[in-house]
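Hi,

Here is the structure I promised to pass on. Have a look at it first, and my notes follow below.

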Amino acid sequence: MNKVILMGRLTRDPEVRYTQNTNTLVASFSLAVNRRFTKQGEERQADFINIVAWSKTGEFCSKYFKKGQQVGIIGRIQTRTWDDEQGQKHYVTEVIAEEVYFADSKHDGDTSSTGSFENTFGSVASASPEFEISSNDDLPF
């Protein structure tokens, strides 16, 4: 199974292009996703993940998503390679967005027809760092 669920902030406005053969809209942007844990005394770190949204999903992203906005993305990981003019091979890993959500709280005047990520999936619970399983605990697996 290849399923990714991310919540983060857009690092830039979505960039829109169209495919040459079928004139299909493709929106691309990157998402800054905070890492869950930090080492003591260090700043929180983030991963910058490339997102690609096709057709209607891409159109929605290009119309309503803006730099700095917090969004939820559900999709799949895809890798691809290509050779440049000098014959050097390039690799890229990106998330293909299948569902997109607003994750910020509602702003005044924001009357979007889509639900928020939290309304759909609930708030994300964080595990307590003190949580521990002893060898005596009964586990369901």
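Before the rest, some ground rules. This is a predicted model, in which local features need pLDDT of at least 70 and side-chain atom pairs count only at pLDDT 80 or more, while totals for chains, interfaces and linings use all residues. Residues are numbered from 1 along each chain as its sequence is written, and side-chain values use heavy atoms, with hydrogens and water left out.

On the fold: there are two helices and six strands (DSSP runs, H or I of at least four residues and E of at least two, numbered from the N terminus). Along the sequence they run β-β-β-β-α-β-β-α. Of the 141 residues, 28% are buried (under 20% relative accessible area, 1.4 Å probe, protein chains only).

Now the second largest pocket, which holds about 240 Å³ of space. A pocket here is an open set of points on a 1 Å grid over the protein atoms alone, where a 1.4 Å probe fits, with protein on both sides within 12 Å along at least five of seven lines; lining residues have an atom within 4 Å of a point. The volume is the space filled by probe spheres set on the points, which are joined across faces, edges and corners. Arg17, Val26, Val52, Arg80 and Glu94 are the closest to its centre among the 14 lining residues. Strand β4 gives the largest share of the lining, four residues.

Best wishes

Key
Buried means under 20% relative accessible area, exposed over 50%, partly exposed in between (1.4 Å probe, protein chains only).
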